Amino acid sequence: MVSEITVSVIIDGKKLEVPQGSMIIEAADDAGITIPRFCYHKKLPVAANCRMCLVELKDGRKPMPACATPITEGMEVFTKSPKAIASQKAVMEFLLINHPLDCPICDQGGECELQDVALGYGKDVSRFNDGKRVVKDKDIGPLIATDLTRCIHCTRCVRFGVEIAGMKELGMLGRGEHAHIATFVENSVDSEVSGNMIDLCPVGALTSKPYRFTARAWELKQTATISPHDCVGSNMYVHTRVGEVMRVVPKENEEINEIWLSDRDRYSYTGLYSENRCTAPMIKRSGEWEEVTWEDALNFVKDNLNGIKDKLGASKLGALASANSTVEELYLLQKLMRSMGSNNIDYRLRKTDFSSQDIENDVVGIDCTLQDIEDLDAIFIVGCDVRQSAPLLHLRMRKAYLQNDAKIMSINPSDFNYKCKMHVNQIVNIDDMLLTMLPVTKYVLEAKKDTLSATLSNWLTCELKDIKVDASASKIAKALLGANTKAIFLGQIAWQHSSYKDIYNCLQILKEVLGAKGGVISCRSNSTGAMLAGALPYADIKGNSNNAVGHNVKEMLTKMDAVDGYILLNVDPALDSIYAEDASRTLNDASCVVAITAFKSTHMLRYANVILPAATSFETNGSFINITGKLQSFIGVNSTISNVREAWKILRVLGNLLEIQGFDYSNVKEVLQDFDNMEIKKPAGVSWNLPTIPKPQTELQRIANIPTYAADPLVRNAAALQATQHAKDSKYVGISEELAKKIAVKDGDMLLIKQNSNSIYMPVKVHKDLAELNVLLPQGIEETVNLGIGSSAINIQKG
C-alpha cells in the first residue's frame, strides 16, 4: 500500500518528493533515472541478491542496494558517482565469471537484460582464467526450455512461483558455486501461468520451448491484440516473421492483466498450423469431401438456406455461435438470421437451465473492475474453478488474500486448489450447491431482517424456516456481513447447473441485501459481447426483447425436428456444447449444416455439408467485451494460409448473396459502428425471483468440467498445450476416496462409465477432496463425446 506521507530525497542532484517507505530504485524509476538491476522487478518482492543496483549514499559507509534501501527524509543518493559506477562494474564482472559466451545461439539474444547492462558496465577482457562451471539442463515440461549454465541466480522465477502464482515449483538448490535453480524431486513446472517466468528471466536461462531456435528478436514484427480464450481480455503482442506467428508475449495493462499472461493465451498460437486447420472451402457430395472455390461454396450455402426457408419456413433455420467469436461476427450472424425471419440463434452452448427467458438471468460479467478485486475484504465463490477458467482473475484474488488479508470462501463440488488459505472451503455434491447456499442466505437475511422487503421477509419466515444453518454457513455469512468490501461470484459449473436460475437468484438476493459486488465468471473471451450482440433466441441487440422467441441451444440440439438447417460459427457442437451426443445425432440428420470454422474434426467432417475456412482471432480484426464490460478492439496479423477469410467478411458476403439489406460494409469498423448505434435496453434495477428449495442429491452425478486445454478448437489443436500435465490429467475420470473404496478401485484402474444408453471406458484418478456422489468427467475431449448431457446422472463400475 502506497503511503500518503511524502519525504524529500535528492537523487543525482534532482530533488524529489516520494511516498514514505519507497525504495531508492522505485523513486529513481519514477524520476526517469536509470539504475542497472537484475534481481529487482516491480511486481516481485525484493530479494537484493544480485547487487547490481549498488548506489552511493551521502555520508554512507559503503554502497547500498537501491532495491532494498528505503528512502528517509533528506537522503542524498548518487547513482553515477565514481564509487557507485565502480561497485556496479565490479558486480557485473563477477556475474560474468561463469556466464557462457554463447549469445549468437541464445534465444534471448537481442532482448537480453544481461547483454544490455554488460554493454554499459562490463569489460571487453575477462580477468578470470579458470574453467567456467557447467550446470546440467533440466526438462521441466513442454513449455519452458532451460539453459541453466546461463543462470545468474536472480531468483525472479522462484519468487514468481512462490509469491505470484502460489506454487513452489522452482527453488535454489545447493550452495556457493554449486547453487542452481531446479524443480523439487525432478517434477515438471505445471502452473497455468508458468510462461511468465520466461518474461521475468533477465538472461537466456529460461526460454520458450515451442519458440526455441525458430527466429531472432530483430526479425519479428509486433502486433497488439487481445486474448481469445477467457473473460479477462488480456492484452498481448503477437510476434510474426513473414506473416507466420512465432510467439505471443504479454502487453502491459494494469487495468486488465498487469504484465502477466496465462499459458493458454501464450501458447495457443501453436495450434494455428495444425493439420486440422481448414485451408480451403469444401463441400460434401455423395459422402465425399472435395475442395471448391469460394464462389461455389457460398452459392451452395445460399441455395440450401433458401431451399429450406422456401420449403419448411425460416423457423427451420438455426445458428449456433461460440462466445469466442468477435462482437462484429456475432452481430452479423444474428442480423443475418433475423433478416431471414428466424430467431433461432444461441451462444449458450453449455447451459442446461432455460426455465427463464429473461436477459437478467443470462447476464455474464461482474459489476466491479479487476483492480477492485485486489481491495476486497471477503470473496465468496460458488461453482467455479477460477484457476482454470480465468487464471489471471485468480491471481487478483490471491493478491487480495496476500495484501488485504481477504477472507476467501467457496462452495464447490471439488477442491479446486485455490492458491490461498481458505477461510471456508465447502465441498458438496453438485446438486447440493443451492442447498448449501441457502443457509448462508438465511443467516444474512436474519441479520438484516429490519431492512428486508415484505417479499424477502415472507420468504425468510415461510420458505426458509426449515433450513438449518450449520457452522460453515454461519462462518461464511459472518465474514460477508463483517466485510467493508465484498464480492460474490458464480462460475462455469454453476452456469451449466440444472438449477442455475435459482442459484443466480440467490446470488442476486445476497448482493442486494449485503451491498456486495460480483457476478458471473465466464470461461469464454466474449460471453458479454455475445449477449449484447444479440446471439440469443429471445433478445436481440443489447438485450432488447423479441416479439417472437426462437429455439435455444438445447431445443436446437435435442429436438430432432426443431431445426433443419444450421449455421455453426467457430463452434464444433460435439466438443463445444454440453449436449455432445445429441449434437452429433441431430446435426447428422439435418438437411444442411454450414460450418464457418478455422478447424475441422472427425465430428465436423461427419455432420457438416459445407466448410467455410475462417480466420482465427489471431488473424482477424474485431472486438471482445471482457467480464467487466470493457470493449477492446484489435487487429489481426496477415495469415500465411491464403484461402481463409475473416468470418465477418464471410457473413457479409452471405448477406449480400441472400439479398438482405444492410450488409454493405467495407471494413470491420463500420460493423462495430452499426452495433454501437443500436439503443441499449436499460434494466429496471436488480431483477430476481425467489429460489425454489431443492431436494438433496441421492445418486451419482457427473461434473462436466471444461479442462483448461480443451476449452476451444484453437487450444485443442495446440500441440504444446496438449503435451502438458494439465492435458494428460483430463483423460482420467475423477472419483472420491469413499466411492473408490466402495467399488474397490485405485489410481489407473479402468472404469466402465454409463450415461443414458451410452458407455465408455476410462482410467480412474482418486481425489481426496471430491464429494462422494460427484464424478469428475470432463467435456470437450474426444473420450467423452459419446456420453449424454454433461451434467446429469451417471453410473460407474470397475471395468
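Author: Here's a walk through the sheet, its helices and the nonpolar cores. Before we start, this is a predicted model, where local features need pLDDT of at least 70, side-chain atom pairs count only at pLDDT 80 or more, and totals for chains, interfaces and linings use all residues. Residues are numbered from 1 along each chain as its sequence is written, and side-chain values use heavy atoms, with hydrogens and water left out.

Start with the strands. There are six of them in an open sheet, and reading across you get β17-β22-β21-β18-β19-β20, with mixed pairing. Strands here are DSSP runs (E, at least two residues), helices are DSSP runs too (H or I, at least four), and numbering goes from the N terminus. Two strands count as paired if DSSP finds at least two bridges between them. At the edges sit β17 (365-366) and β20 (422-427), each of which pairs on one side only.

Now for the helices. α14 (residues 471-482) lies across β18 (378-382), β19, β20 and β21 (486-490), and runs at about 140° to β20. Angles like that go from 0 to 180 degrees between N-to-C directions, using lines fitted to C-alpha atoms, for helices over the stretch in contact. Another helix, α16, packs on the sheet as well, touching β18, β21 and β22 (517-520), and its direction makes about 175° with that of β21. Contact means heavy atoms within 4.5 Å.

Keep your eye on α16, because it leads us inside. The largest nonpolar core has 173 residues, and Ile373, Phe380, Leu393, Ile596 and Leu612 have the most contacts inside it. Helix α16 (residues 500-514) gives the most to this core, with nine residues. Such a core is a set of buried Ala, Val, Leu, Ile, Met, Phe, Trp, Tyr and Cys residues joined through side-chain atoms within 4.5 Å. Buried means under 20% relative accessible area, exposed over 50%, and partly exposed in between (1.4 Å probe, protein chains only).

Finally, a second, separate core of 27 residues includes Leu349, Phe354, Val563 and Ala574.
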